[in-house]
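The sequence and structure come first.

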Amino acid sequence: MSNEIQLDVSNHNPPLYRTPDEMEWEMGRFKNKTKFLFHTTPERPTEPNAGFLRYEPGAGFRLHKHEFSQVWYVIEGQFNFGGKVYGPGTVVYHADPHYEEAMTTETGGTLFFVQYQGPTTGGRPVYEGRMNIRGEVKDVTAADLES
């Protein structure tokens with residue numbers, strides 16, 4: 001008799017595996033660097049955005065809002081969110097809809113993030129090419145600070 005459990009997985013997606021070391025850093029919309037391990041696509045509209053954001057010393061962004069949900073994990077560096085400094089090991093949860101407090105970093109640092117469709121709003125994460133920019137990075141406008 002086998003101890004192996006048999007499951008019917010024919011209607012389920014297999015896990016996806018990505019290794020960030022195999023990826024190049026891309027430019028982000030706040031002049032940070034990004035590595036998107038996973039990204040929402042038309043074929044997989046509920047797939048989350050997930051990856052790394054690297055900020056140089058002196059980088060940051062203004063107060064803004066989104067209709068999706070997200071979680072951040074501070075890997076390295078010190079980040080000032082809304083007037084309070086947080087360091088490695090800090091987890092930040094943003095329910096939907098949410099606002100992000102202004103952020104600055106004197107040290108620079110790296111965050112791991114997951115953005116996913118808002119369970120209450122249905123708001124989708126920031127789309128391909130908006131946070132991982134290929135080519136010239138334009139100045140941030142008010143429209144960039146909305147979902």
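Two strands are said to pair if DSSP finds at least two bridges between them. The model is a predicted one.

The pairing belongs to an open sheet of 6 strands, ordered β1-β2-β3-β12-β6-β9, in which the pairing is antiparallel. At its edges are β1 (26-27) and β9 (91-94), each of which pairs on one side only.

| Pair | Sense | Bridges |
|---|---|---|
| β3 and β12 | antiparallel | 7 bridges |
| β6 and β12 | antiparallel | 8 bridges |

Strand β12 covers residues 109-116 and strand β3 covers residues 49-55, while strand β6 runs over residues 69-77. Phe112 in β12 stands opposite Phe52, and Phe112 is also the bridge partner of Tyr73.

Which residues touch the most other members of the largest nonpolar core? They are Tyr55, Phe61, Trp72, Phe79, Met103 and Leu111, in a core of 14 residues. At least two residues of this core come from each of β3, β6, β7 (79-81) and β12. In soluble globular proteins, nonpolar side chains tend to be buried together.

Beyond its neighbours within four places in sequence, Leu111 is in contact with Gly51, Phe52, Leu53, Tyr55, Trp72, Tyr73, Val74, Ile75 and Phe79.

How values were computed:
Residues numbered from 1 in each chain as written. Predicted model: local features only at pLDDT ≥ 70, side-chain atom pairs only at ≥ 80, totals over all residues. Heavy atoms only, no water. Helix = DSSP H or I, 4+ residues; strand = E, 2+ residues; numbered from the N terminus. Core = buried A, V, L, I, M, F, W, Y, C linked by side-chain atoms within 4.5 Å. Buried < 20%, exposed > 50% of the residue type's maximum accessible area, 1.4 Å probe, protein only. Contact = heavy atoms within 4.5 Å.
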